[in-house]
Amino acid sequence: MVATSAPGKAILFGEHSVVYGEPAVAVAIDARVHITVEPCEGAWKMDGYPLDGDRHPHVASLLDAVLGEDFQSHAIQVRSDLFPAAGLGSSAALSAAGCAALLSISNEPLDKEKIATFAHLAEAQAQAGRASPTDTSTATLGGCVLVSDKREESANWQYTRSLETPEGERVWEIHSVNLPPSASEMWLVVGYTGIHAPTAELVKGVADLLTRNPAKMEDITRMGEVARNGVAALSAGDFIQVGELMDEAHILLAGLGVSCPELDDMVEVARRTSFGAKLTGAGGGGCMLALTDKPDETAAALEMRGRRVLVTPLGAPGVTVEKASKN
Ligand code: MEV
């Protein structure tokens with residue numbers, strides 16, 4: 001039996017623009033997807049039912065890529081601490097934890113670059129070919145991750161990811177970011193709208209908008225600058241600046257049509273007790289986040305609005321094998 005887990009993620013800067021090669025900054029959050037895998041009779045199973053590739057495209061893609069055909073069938077059980085389809089990277093965490101479990105049952109080394117690669121390809125397959133490696137790299141590496149179109153001196157380069165997308169080949173450089181000690185006094189309050197937001201549709205919506213209105217590409221470029229300035233401010237421990245940039249990022253995202261009245265309202269409420277707030281992930285519902293040193297006050301304000309919240313430090317451990325035994 002093998003048990004693995006991987007964290008969800010919260011994007012601080014660069015969602016959507018990262019799909020077009022601009023930088024993005026994400027942190028792993030203190031909420032995980034847990035997977036167990038054990039041998040079983042008959043076909044592969046997922047949560048007690050025969051595995052259906054249409055319902056679980058990430059797992060089907062990983063099985064193909066990691067094990068190929070004719071591997072002993074296993075039963076996979078998934079338990080998640082994350083709000084589903086909420087922009088917190090639950091499918092990326094599932095892919096990273098799933099990949100680690102499959103490598104483990106095939107006695108292959110747990111190479112993090114390999115896990116991040118297979119998880120990214122699974123995510124891309126499920127998102128009609130348009131997926132940045134942000135979510136899957138954060139689920140794999142943990143901590144704080146910077147994804148960029150070039151190797152950044154300010155961060156620790158880890159590996160390169162490339163992908164053939166409908167708009168051509170994209171290449172991303174993946175880095176870990178060392179946060180200053182003062183970051184341990186900061187919290188992210190994540191508020192959930194309760195609205196399911198399928199990433200693939202939102203990413204397609206932005207692609208369609210850019211085709212109809214190519215001038216919007218200027219906003220994508222500005223989002224990249226905001227992300228670059230954001231990571232510099234974060235590394236310097238300048239949380240006031242980080243918050244201001246988060247506020248600007250929210251306006252730019254709303255301009256791409258990926259916010260909604262519920263997100264705008266929650267962002268507005270959270271800003272009263274935080275350094276800054278924005279939607280996080282694909283948008284269209286899903287979650288917002290606020291950076292604050294008063295997490296209880298921010299969380300209470302969102303709960304008063306009837307929202308579910310999750311409070312997390314900036315960073316959590318990446319993909320982990322919790323148990324690997326013969327029985
Ligand atoms: C989703 O968490 C983030 C997006 O930028 C999509 C991606 O990076 O693949 C919207």
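User: How far does a polar side-chain atom of Asp135 lie from an oxygen atom of the ligand?
Analyst: A quick heads-up: this is a predicted model, where local features need pLDDT of at least 70 and side-chain atom pairs count only at pLDDT 80 or more, while totals for chains, interfaces and linings use all residues. Residues are numbered from 1 along each chain as its sequence is written, and side-chain values use heavy atoms, with hydrogens and water left out. A polar contact is a pair of N or O atoms within 3.5 Å; within protein, one must be able to donate a hydrogen and the other to accept it, and residues adjacent in sequence count only if both atoms are side-chain atoms. For Asp135, the polar side-chain atom and the ligand oxygen are separated by 2.8 Å.

User: How much of the area that the ligand exposes when taken alone does the protein bury?
Analyst: Accessible areas come from the Shrake-Rupley method with a 1.4 Å probe, and for residues only the protein chains shown count as cover. On its own the ligand exposes 300 Å², and the share of this buried by the protein is 98%.

User: Which residues are the closest of those that surround the ligand?
Analyst: A residue is near a molecule or strand if one of its heavy atoms lies within 4 Å of it. Around the ligand there are 13 residues, and the closest are Lys9, His16, Ala131, Ser132 and Asp135.

User: How many residues of the shell around the ligand are nonpolar?
Analyst: Here Ala, Val, Leu, Ile, Met, Phe, Trp, Tyr, Cys and Pro count as nonpolar, Asp, Glu, Lys and Arg as charged, and the others, Gly among them, as polar. The shell holds four polar and three charged residues, and its nonpolar ones number six.

User: What is the phi of His16, roughly?
Analyst: Most residues other than glycine have a negative phi, and most peptide bonds are trans. His16 sits in the loop between β1 (2-13) and β2 (24-39); helices (H or I, at least four residues) and strands (E, at least two) are DSSP runs, numbered from the N terminus. His16 isn't a glycine, yet its phi is positive, about 70°.

User: Is His16 buried or exposed?
Analyst: Buried means under 20% relative accessible area, exposed over 50%, and partly exposed in between (1.4 Å probe, protein chains only). His16 has a relative accessible area of 5%, so it counts as buried.

User: Why does Asp47 count as partly exposed?
Analyst: Asp47 is in the loop between β3 (45-46) and β4 (49-50), and it has a positive phi of about 50° without being a glycine. Asp47 counts as partly exposed because its relative accessibility is 34%.

User: How many of the residues of α4 are buried?
Analyst: Helix α4 is mostly covered. Among its buried residues are Asp135, Thr136 and Thr140, and Thr140 is at 0% relative accessibility.

User: Which residue has its backbone oxygen 2.7 Å from a polar atom of the side chain of Thr140?
Analyst: Thr140 is in helix α4. The backbone oxygen lying 2.7 Å from its polar side-chain atom belongs to Thr136.

User: Which residue takes a positive phi just after α4?
Analyst: Gly143 is in the loop between α4 and β6 (144-148). The residue just after α4 with a positive phi, about 70°, is Gly142.

User: How far is Arg130 from Leu163, C-alpha to C-alpha?
Analyst: Arg130 is in the loop between α3 (112-126) and α4 (134-141), and it counts as buried because its relative accessibility is 11%. Arg130 and Leu163 are 33 residues apart along the chain, and their C-alpha atoms are separated by 8.5 Å.

User: Which residue has its backbone oxygen 3.0 Å from a polar atom of the side chain of Arg170?
Analyst: Arg170 is in strand β8 (residues 168-177) and counts as buried at 17% relative accessibility. Its polar side-chain atom lies 3.0 Å from the backbone oxygen of Val19.
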